[in-house]
Amino acid sequence: MSTPVLSVRDLVVEIPTRKGLLKPVDGVSFDIAAGEILGVVGESGAGKSMTGNAVIGLLDRPARIAAGEVRLLGDPIQNLKGEALRRQRGKRMGMIFQDPLTSLNPLLTVGEQLTETIREHLDVSKSEALNRAIAALEEVGIPAARQRIDSYPHEFSGGMRQRVVIALALCAEPELVIADEPTTALDVSVQAQIIALLKRLCRERGVAVMLVTHDMGVIAEAADRIAVMYAGRMAELGPVRDVITKPHHPYTAGLMASTPVASRGQKRLRQIPGAMPRLDALPDGCAFHPRCEKATDKCRAEPGPTLAADEGRAACWYPLTQTKEATA
Amino acid sequence: MSTLIRVEALTRIFDVSKPWLNRVLERLPKAKLTAVSDVSFEIEENSVYALVGESGSGKSTIGKMITGLVPPTKGRIEVNGKDISSDPDSAEAAKVRADIQMIFQDPYASLNPRWKVRNIIAEPVAVRGGKTGGLAERMLEQVGLSGADADKYPHEFSGGQRQRICIARALASGPKIIVCDEPTSALDVSVQSQVLNLMSDLREELGLTYLFISHDLTVVQHMADKIGVLYLGTLVEEAPRDALFSDPKHPYTQMIFDAAPRMDAFGREVDPPKGEIPDAINPPTGCPYHPRCPIAVDRCSQEKPLLRHIGDTRVACHLAE
Amino acid sequence: MTQTELRPKADPARPSRFSRAVNSDLFHSFRSNPVAVVSAIVVMVLILAAVFAPLVAPHDPFNPATLNLMNGFTPPGEANAFTGDFFVLGTDDQGRDVFSTILYGMRISLFVGFSAVLFAMVLGVILGLIAGYVGGWVETIIMRIADIQLTFPAILVAMLIFGIAKGITPPAYRDQMAIWVLIVAIGLSDWVQFARVVRGATLVEKNREYVQAAKIAGRSAFSIMLRHILPNVMNSVLVIATISLALAIIAEATLSFLGVGAPPTKPSLGTLISIGQGFMFSGEWWILIFPALTLLALALSINLLGDWLRDALNPKLR
């Protein structure tokens, strides 16, 4: 197997606070291959956005990578600083945010932002950069790109703006794109357009995509593999169809079962009791055990097995076997 | 079952003009945004009526008009046969409105951070001079929290718990109708199911009627008895749940059903829908959907289709059958 | 590059900023900020010294019976050549103890400052709430008045009011009235700040869903402003009030220095500085320098405290 584009091993992110050390990301490992979309799902505070930010070097102080490795095509990039980080980010890694309006500079035209990014990372002339910018806008499906390149971000609609953000993330031809809730702020019809665009670009360019979202439907349609996070740890990791139809971790099973789709025709939805614990009040043992029907003394005492990037499916002492359906 | 709410030709136009001085200097005309245009529907007692639509469809504005937060520009709102829209400040209307409460989308913004939960829940009763002794405790227990939570502040609760507090507040005055504006879209999936189940249980126990406003089709399909689909302020289709989901008649309804991401659609390659929602200040002529509609004909751009009955469905499309 | 900026995510469970701040974070942030701690100590010491001036001051500088003209111009830290009396910070031309006059002067300065800010705050908060909540032409009128007033320097406005008041009060009451006229003059020149900030905060709060819930509950507009919006804009008001206090004290000193403020019979720090400047070049520097340093220390530490409070309560208020 060739080197994965992104390889994360035992990543730990810490936030020192007065109340103690919080670990919003705790021992997370995964790989993303070229042309692959890894969907990262989880509830608020599960650590999915924090993982993406740690990979691309956008952690807000005082959060910091305390342990583990992040490799981009074999080169370690964790804890890069200043110039070195800037060169990697943009050139080799692009980022797509939830809100397209705040991730574009309102005072520069779309063309200025694109050519600036291209010239920063690629050694091309001004006119060549402009041509590439127009090509990038055409590629993400902006009609009349040559005319619209001198428009300001506010002159685009929400969906078109998100396309510009995608063009901006991709214009320096990065190897990895991190998309953090890229469709959450968009309407259903536009969301479908953006998902289709992401999938097409990923396939055509062989970019590795880390798609962070809370929307299981988006993941099911877009992702090749899925990573389920819970309370900062990887709960389950596997091919998207397997994880959604035959989850191994009781949390994943509960999550899938509690969607209205899974309970179609039933009067009540299945529900997981309780809520995800706050990071400053994590229970001993497996973080999911207070909400888990199958929890034993072992679950209450020991944290679940740590999930490696390439083997195993669920970080659970008693994974649901293949024969059982999602009925936990 | 009898009709509890009747909405007739409801229209709301917002003035989105620039300030007077700018208009004079820049010679701009007044800008009008028609958020809701000539919408009529009826909600039966003890049922769930859902309004679905994308942003700018006017679904929240309709909810606000029914709760009295926004006065209608034209049209009538009747509750139990009593008109509450023509003289919204009358004592009569205020009395009817006491039966209508609302649950909001953002459980973080809908509770005053400076107030204790006890006072938040009792507010609708206290304002109208009712007795509030033990009320907060009773309501908290009804929504699955503990009576001891009454003396805490909102920030001590999680998103799902806050939404339960919102529900407790909405129920405190013993209303008949609850307008739910995207009540679970800010919540995580596992918490969403808890809140939806609670809402279903309460409806049965207390005989409530819900106007359920949402953009999430899976949630609407689970909750609603009857569904109205809105596009650019116009009701384009209305049908009982099963009829709508098995046989959507309006091209717009068909489009959002196709476009919505599905959990069983692994690696689905769909042709994504074309275009985006047009600017509501300058809406298209004729049928508002015609510029994006795959089956539009000349007539669609000239003549606005009226709602007509096809079986149990009402649909506003010249071509639907 | 815009890509590099980290925006707050929609999903992390956000605890209410305010309640957390007051419970513990505010105190923690205070303790971990040495500038804030030192400023607070300086302010506390100065305020306590001013409040308890009659107990702390070694002399009563305004009781002619205890004054000895022979003690005039005693330099600080030296015994008087004639009487042998000792004064920490020296004496002025009439033999008044500078240290004691500073303590009594600070009393007046602080009283005027606090009262003026309170007056400005009440006026500004009420007008700001109404402008923000009611909107329409009411808002236009209030905010245009505020805009117009901002085009005049605050000192000029204060002097104008002071001049008018002086013209209409009988001379016998002038000294008594002076302090109150000062308060009104400074307060009237300062309410705009409060009104603007409160209006802005009200515009944000009034569209939040808890206000809509209160409307549906049947609460009146007045009651919503008072019970719902006011408590939620008090954070910003508190910050402005602290910074305004320093400004008000300086404004008072400026007016008194210009001779339109506190009368020499009831000297404030500004009056003392004004008196002292006459002796600066004849060698009696202490009569000017010590009141001036006190004013500097007071205004600076209140300002630093206000800066810290602003950052601690709301980093976005900059």
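**Entry 1: confidence**

What pLDDT does chain B average? I am looking at a predicted model, so I began there. Chain B averages 89, and 100% of the residues score at least 70.

Next I checked chain A. Its mean pLDDT is 85, with 96% of its residues at 70 or more. I marked residues 322–328 of chain A, where the pLDDT is below 50. This stretch still has 11 contacts in the model beyond near neighbours in sequence. A reminder to myself: where pLDDT is low, the predicted coordinates should not be read in detail.

**Entry 2: the sheet in chain B**

I then traced the strands of chain B. An open sheet of 4 strands runs in the order S2-S1-S4-S5, with antiparallel pairing. At its edges I found strand S2 (32–44) and strand S5 (82–83) of chain B, each pairing on one side only.

I looked at one pair in detail. Strand S1 (residues 3–15) and strand S4 (residues 74–79) of chain B run antiparallel and are joined by 5 bridges. Here B:Ile5 sits opposite B:Val79 in S4(B).

**Entry 3: the sheet in chain A**

Chain A has an open sheet of 6 strands, and I read its order as S6-S7-S8-S3-S9-S10, with mixed pairing. Which strands stand at the edges? They are strand S6 (93–96) and strand S10 (233–239) of chain A; each has a single partner strand, so one side of each lacks a neighbour in the sheet. From one strand to the next, the twist averages 15°.

I followed S10(A) to strand S9 (residues 225–230) of chain A: the two pair in the antiparallel sense over 6 bridges. A:Met229 stands opposite A:Met234 in S10(A).

**Entry 4: two helices in chain A**

Last, I turned to helix H6 (residues 158–170) and helix H7 (residues 188–205) of chain A. Their axes come within 10 Å and cross at roughly 15°. H6(A) and H7(A) are therefore roughly parallel to each other, and H6(A) passes H7(A) in a right-handed crossing.

Which residues of H6(A) and H7(A) make the contact? From H6(A) I listed A:Gly159, A:Gln162, A:Arg163, A:Ile166 and A:Leu170. From H7(A) come A:Val190, A:Gln193, A:Ile194, A:Leu197, A:Leu201 and A:Arg205.

How values were computed: Residues are numbered from 1 along each chain as its sequence is written. Chains are lettered from A and ligands numbered from 1 in the order in which they are written. This is a predicted model: local features need pLDDT of at least 70, side-chain atom pairs count only at pLDDT 80 or more; totals for chains, interfaces and linings use all residues. Side-chain values use heavy atoms; hydrogens and water are left out. Axes are lines fitted to C-alpha atoms, for helices over the stretch in contact, and angles run from 0 to 180 degrees between N-to-C directions. Angles under 35 degrees count as roughly parallel, over 145 as roughly antiparallel, 65 to 115 as roughly perpendicular and the rest as oblique. A crossing is left-handed if the near helix is turned anticlockwise from the far one by less than a right angle, and right-handed if clockwise. Contact means heavy atoms within 4.5 Å. pLDDT is the predictor's confidence in each residue, from 0 to 100. Two strands pair if DSSP finds at least two bridges between them.
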